[in-house]
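This report describes a protein assembly from its atoms. Please keep the sequence and the structure at hand while reading.

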Amino acid sequence: MNNALPTLAPRQPGAEGPAPAAGVVFIAAMVLMAFALACRLATPGAHPFESGAFAAKLLGVTRGEVSGQFFSQADYVFHKGIYAQSASRRDWFAGLKRAMIPRGHCHLHEEGILEIMPWLYFATRADPHNMEAYAVAAYWLAGEAGRPDLAERVLSEALRNNPSDYRAYMEKGIFALKSGDYPRAARYLDKALQCVPAGTGQGRDAIAIDLASVLTYRGLLYEIEERPVNAMECYRAVIAMFPGREGLVGRVREIEQKGRPDQSPKDLAAILLRQRRHVCSEGEQAQAGEGAKEHHHVP
Amino acid sequence: MIGRVLVIAQTVWLETLRRKDVYLLAVFALAALAVLMGLNVFGMRNLVGYIKETGLLLVWLFAWILAVAVGVRQLPGEELSGTVFSLLAKPVTRLELVAGKWLGTWSIAAAATAAFYLVLAAVVLVRGGSFDLAATAQALVLHVCFIGIVSALSILFSTRLHADAAATLAAALTLAAFLIIPHSAGYTGQMDGFAGGLLLAFYFALPHLELFDLRARVVHDWEALPAPVFLQIALYGLALMLLFVALAWLAYRKKRFSRERLY
């Protein structure tokens with residue numbers, strides 16, 4: 001026994017301040033209270049990672065760029081990793097590189113489409129304001145992937161993260177229109193019209209195209225509601241923006257002359273929604289008619 | 001000679017395993033894979049493509065880190081500890097020392113890479129995915145070539161620099177060769193005169209490490225590379241490895257050791 005070592009005599013309660021057990025209980029109580037308060041204060045569904053707060057802290061202003069990269073990766077996966085190669089050089093290295101990458105143009109189909117979802121998911125996590133990523137995810141989930149339930153969920157999340165972005169309401173409205181829920185579609189499209197930003201800033205062309213789409217769909221819904229006057233107002237607004245839209249000009253003329261157009265609004269809505277499909281500039285035949293939205297191809 | 005080279009390579013293995021670099025990277029890789037597998041992507045949990053892609057990216061990253069980290073510390077480590085004096089006093093030539101260090105670095109990084117591939121394959125198979133066997137085998141072989149080149153470059157720089165400087169230089173050069181050099185040829189047309197010529201010289205002189213990357217083929221289930229293309233790339237890799245090991249030997253064979261300079 002080494003006498004130099006201090007002996008550990010049992011501590012007398014109350015002799016030197018509070019007993020250690022009291023300190024442990026106090027700390028445990030504080031931890032429990034902090035946990036309870038955190039649970040109380042946290043909004044359901046507003047987990048830092050889910051809401052993008054984590055990405056905002058980590059990435060700062062570069063989050064848009066990072067999100068864009070994930071979006072580009074989704075496009076790359078959609079094209080099965082095949083991209084157009086530049087044929088500028090004819091040296092040995094360039095020849096090997098060309099031989100390593102298959103040629104052609106192909107896309108993922110059916111359930112395979114789901115493989116782009118993680119990259120769109122990462123894009124929305126990096127920047128929850130990347131509406132395009134939400135829209136593309138919802139488009140493919142509702143369409144070829146056959147998961148409209150998940151599409152609805154994605155759009156609800158988009159709306160939660162972008163409550164003042166007209167595109168969130170536009171996508172919700174179009175989704176409701178596809179599902180045949182016309183009153184709901186009308187509500188969302190009206191809200192989209194309210195949220196469209198005014199002015200002539202950057203991206204005005206894209207906004208004008210979106211606005212024309214929303215007005216066209218809203219006009220068709222007015223027709224379904226037997227309110228042709230309101231429908232004509234919408235169509236005229238579109239024609240004022242895009243005078244070259246002959247189909248819409250003809251439709252307005254038919255309503256004016258006969259009271260109702262030859263093609264029913266439901267049929268036209270179905271055609272427009274079908275045209276609002278993936279449109280690829282090369283390879284597959286693109287049927288980009290009036291109202292077709294090229295941005296639904298992962299660009 | 002071969003026997004002595006193998007013994008030196010074996011000491012590299014023992015030293016690396018003792019330092020636990022491989023285990024640390026394996027833990028990182030497994031943790032990252034576990035996080036990826038646990039992701040709830042818009043309510044879907046059975047997706048596998050992104051695990052393949054991200055997993056292979058991690059394998060490439062870790063293999064590169066391992067090759068550089070192990071390679072650059074071999075020769076400076078021997079010199080710092082003074083063991084190089086007793087080593088070279090034995091019947092070991094400097095060529096054998098350089099070759100053994102390179103072989104050890106290459107083989108342990110390659111073995112760790114193969115193990116990472118196996119773990120990733122197991123994860124993908126468990127999730128219901130698949131790998132094209134031929135394409136994956138080609139990808140692994142060319143990946144091993146890449147590791148051999150990076151190991152040789154690391155050894156080459158460490159012959160004349162201390163470990164930190166060699167690591168920085170090897171990392172910068174291999175990154176540039178992988179990410180920038182392949183695209184540099186596209187800019188030569190936009191530059192005229194000396195700058196364009198210099199860029200073109202870099203394009204041809206520096207190693208084209210991007211050729212060894214067949215990840216896209218594995219991830220997107222493309223068929224295996226045509227044999228002539230694969231063989232050309234593998235031979236190119238072998239030539240680069242031999243060139244860098246030879247350069248390392250040339251740089252090391254007349255080196256005068258001075259402990260003070262390395263401190």
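**Chain A**

The model is a predicted one. Chain A contains 14 helices and zero strands. Of its 299 residues, 40% are buried. The accessible surface of chain A comes to about 16600 Å², and carbon and sulfur atoms supply 58% of that area. When contacts in chain A between residues at least 6 apart in sequence are considered, 57% join residues at least 24 apart.

A:Val214 belongs to helix α11 of chain A, which spans residues 204–224. Its relative accessible area is 1%, and because the cut-off for a buried residue is under 20%, A:Val214 counts as buried. Leaving aside residues up to four places away in sequence, A:Val214 touches A:Met170, A:Leu189, A:Ala192 and A:Leu193. A:Ala151 stands 63 residues from A:Val214 along the chain, and the C-alpha atoms of the two are separated by 19 Å.

**The contact between chain B and chain A**

How many residues does each chain bring to the contact? Chain B contributes 31 residues and chain A contributes 32 residues. Together the two chains bury about 2700 Å², of which 72% is on carbon and sulfur atoms. On the side of chain B, the residues that lose the most area to chain A are B:Phe42, B:His220 and B:Trp222, which together account for 27% of what that side buries.

Between chain B and chain A there are zero salt bridges, while six residue pairs are in polar contact, both residues being at pLDDT 80 or more. Several helices of chain B each supply at least two residues of the side that touches chain A: α3 (49–81), α8 (181–188), α9 (193–205), α10 (215–219) and α11 (227–253). By residue type, this side of chain B divides into 19 nonpolar, eight polar and four charged residues.

**Salt bridges**

Side chains of opposite charge can pair when their charged atoms come close. Over all chains, the whole structure holds 21 salt bridges.

| Salt bridge | N to O distance |
|---|---|
| A:Glu157 and A:Arg125 | 2.8 Å |
| B:Lys101 and B:Glu78 | 2.6 Å |
| B:Lys255 and B:Glu79 | 3.1 Å |

In the salt bridge between A:Glu157 and A:Arg125, distant parts of the chain are linked: A:Glu157 is in helix α8 (residues 148–161) of chain A and A:Arg125 is in helix α6 (residues 117–126) of chain A, 32 residues apart. A:Glu157 and A:Arg125 are both buried.

For B:Lys101 and B:Glu78, which meet through their side chains, the partners are 23 residues apart, B:Lys101 in helix α5 (residues 94–126) of chain B and B:Glu78 in helix α3 of chain B. Both of these residues, B:Lys101 and B:Glu78, are buried.

Which parts of chain B does the pair of B:Lys255 and B:Glu79 tie together? B:Lys255 lies in the loop between α11 and α12 (259–262) of chain B, and B:Glu79 lies in helix α3 of chain B, so the pair ties together parts that are 176 residues apart in sequence. B:Lys255 and B:Glu79 are likewise buried.

A network of salt bridges also links A:Glu152, A:Lys172, A:Asp181 and A:Arg184.

Methods
Residues are numbered from 1 along each chain as its sequence is written. Chains are lettered from A and ligands numbered from 1 in the order in which they are written. This is a predicted model: local features need pLDDT of at least 70, side-chain atom pairs count only at pLDDT 80 or more; totals for chains, interfaces and linings use all residues. Side-chain values use heavy atoms; hydrogens and water are left out. Contact means heavy atoms within 4.5 Å. Buried area is the accessible area (1.4 Å probe) that two parts lose on being put together, summed over both. A salt bridge is a side-chain nitrogen of Lys or Arg within 4 Å of a carboxyl oxygen of Asp or Glu. A polar contact is a pair of N or O atoms within 3.5 Å; within protein, one must be able to donate a hydrogen and the other to accept it, and residues adjacent in sequence count only if both atoms are side-chain atoms. Helices (H or I, at least four residues) and strands (E, at least two) are DSSP runs, numbered from the N terminus. Ala, Val, Leu, Ile, Met, Phe, Trp, Tyr, Cys and Pro count as nonpolar, Asp, Glu, Lys and Arg as charged, and the others, Gly among them, as polar. Buried means under 20% relative accessible area, exposed over 50%, partly exposed in between (1.4 Å probe, protein chains only). Accessible areas come from the Shrake-Rupley method with a 1.4 Å probe; for residues, only the protein chains shown count as cover.
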